[in-house]
Amino acid sequence: MKNNVAEFFDKYAIDFNSIYAERNNFSNFINSHLRRSMKLRFIKTIENCYPLNGKNIIDIGCGAGHYVIALAKNGADHVYGIDFAQGMIDLAKKKAEQSGVGNKCKFALVDFMSDSISSTFDYSILMGFMDYIKEPRAVIGKAISITKSKMFISFPVRGGILAWQRKLRYMNRCSIFFYDKKQIYDLFRGFKHKNLTIEKIDRDFFVIVTL
């Protein structure tokens, strides 16, 4: 799963981090409109993790650590962020220390499908991760195996101008995979879970899996 995807995000780390940063009014306007889906899935994930006290959480494809740090600052006991891009991990560690939650956060350079994960977690988060996965059922199965309570996952919506724009932007960089609601239901067929909710938010499906 590493190869060109990891290389792309390793180089993209600083630019990706700036998407979440508070900058000038023009930048904030652009991000709030073009990156609305990223903002919404961030808010929904944090909200649905409450209450956070005593919770142990893994963020798979943690990027620059925005979810990890927010969860730690809002009461989670321990949050583990993994990514296969070294640039993202370096940024995440630095930001966690600067935010005063370095003691609650752990970051590691890990390929989720290739490397073993021995711990289990109350919640698992896969935001903006399935976009780049060629074999999504394998990822879902492994994530379920290490999750005790809930999984939060996003899938990019098939069709429309936003999907076309992303395909064009990522052309020759790394592969992007898009989904409709039926495909997502089919992906979870056969896996044991209590409930599955799928909500369309802008360019993404926001999925909560209760185990």
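Is phenylalanine 42 buried, partly exposed or exposed? Phenylalanine 42 counts as partly exposed, because its relative accessibility is 21%; the cut-offs are under 20% for buried, over 50% for exposed and in between for partly exposed, with a 1.4 Å probe and protein chains only.

A word on the model before the views. This is a predicted model, in which local features need pLDDT of at least 70, side-chain atom pairs count only at pLDDT 80 or more, and totals for chains, interfaces and linings use all residues. Residues are numbered from 1 along each chain as its sequence is written, and side-chain values use heavy atoms, with hydrogens and water left out.

**View 1. Phenylalanine 42 and tyrosine 67 form an aromatic pair.** A search of the whole structure turns up 4 aromatic pairs. To pair, rings of Phe, Tyr and Trp (its six-membered ring) need centres within 6.5 Å; planes under 30 degrees apart are stacked, over 60 edge-to-face, and the rest tilted. Here the centres sit 4.9 Å apart with the planes at 75°, so the pair is edge-to-face. Phenylalanine 42 belongs to helix α3 (residues 36-49) and tyrosine 67 to helix α4 (residues 66-73), so to speak distant parts of the chain, 25 residues apart. Helices (H or I, at least four residues) and strands (E, at least two) are DSSP runs, numbered from the N terminus. Tyrosine 67 is buried, at 5% relative accessibility.

**View 2. Tyrosine 80 and phenylalanine 121 are stacked.** Their ring centres are 6.2 Å apart, with 20° between the planes. Tyrosine 80 comes from strand β2 (residues 78-83) and phenylalanine 121 from strand β4 (residues 121-126), so the pair ties together parts 41 residues apart in sequence. Both partners are tucked away: tyrosine 80 is buried at 13% relative accessible area, and phenylalanine 121 is buried at 2%.

**View 3. The largest nonpolar core has 32 residues.** Such a core is a set of buried Ala, Val, Leu, Ile, Met, Phe, Trp, Tyr and Cys residues joined through side-chain atoms within 4.5 Å. Among the members touching the most others are Phe112, Leu126 and Phe188. Helix α6 (136-145) is one of the elements that supply at least two residues each, and the largest share, 4 residues, is from α6. Leaving aside neighbours within four places in sequence, leucine 126 is in contact (heavy atoms within 4.5 Å) with residues including Ile60, Val139 and Phe152.

**View 4. Cysteine 105 is in no disulfide.** The nearest cysteine sulfur, from cysteine 62, is 9.8 Å away, whereas a disulfide takes two cysteine sulfur atoms within 2.5 Å. The whole structure has 0 disulfides. Cysteine 105 is buried at 11% relative accessibility, and cysteine 49 is buried at 0% relative accessible area.

**View 5. Strand β7 pairs with β5 and with β6.** Strands count as paired if DSSP finds at least two bridges between them. β5 and β7 run antiparallel, joined by 7 bridges, with lysine 150 opposite threonine 210 in β7. β6 and β7 are antiparallel too, with 7 bridges, and isoleucine 201 stands opposite aspartate 204 in β7. The β6 and β7 hairpin has 2 residues between its strands, and aspartate 202 in the turn has a positive phi of about 60°. As for cover, 6 of the 7 residues of β7 are buried.
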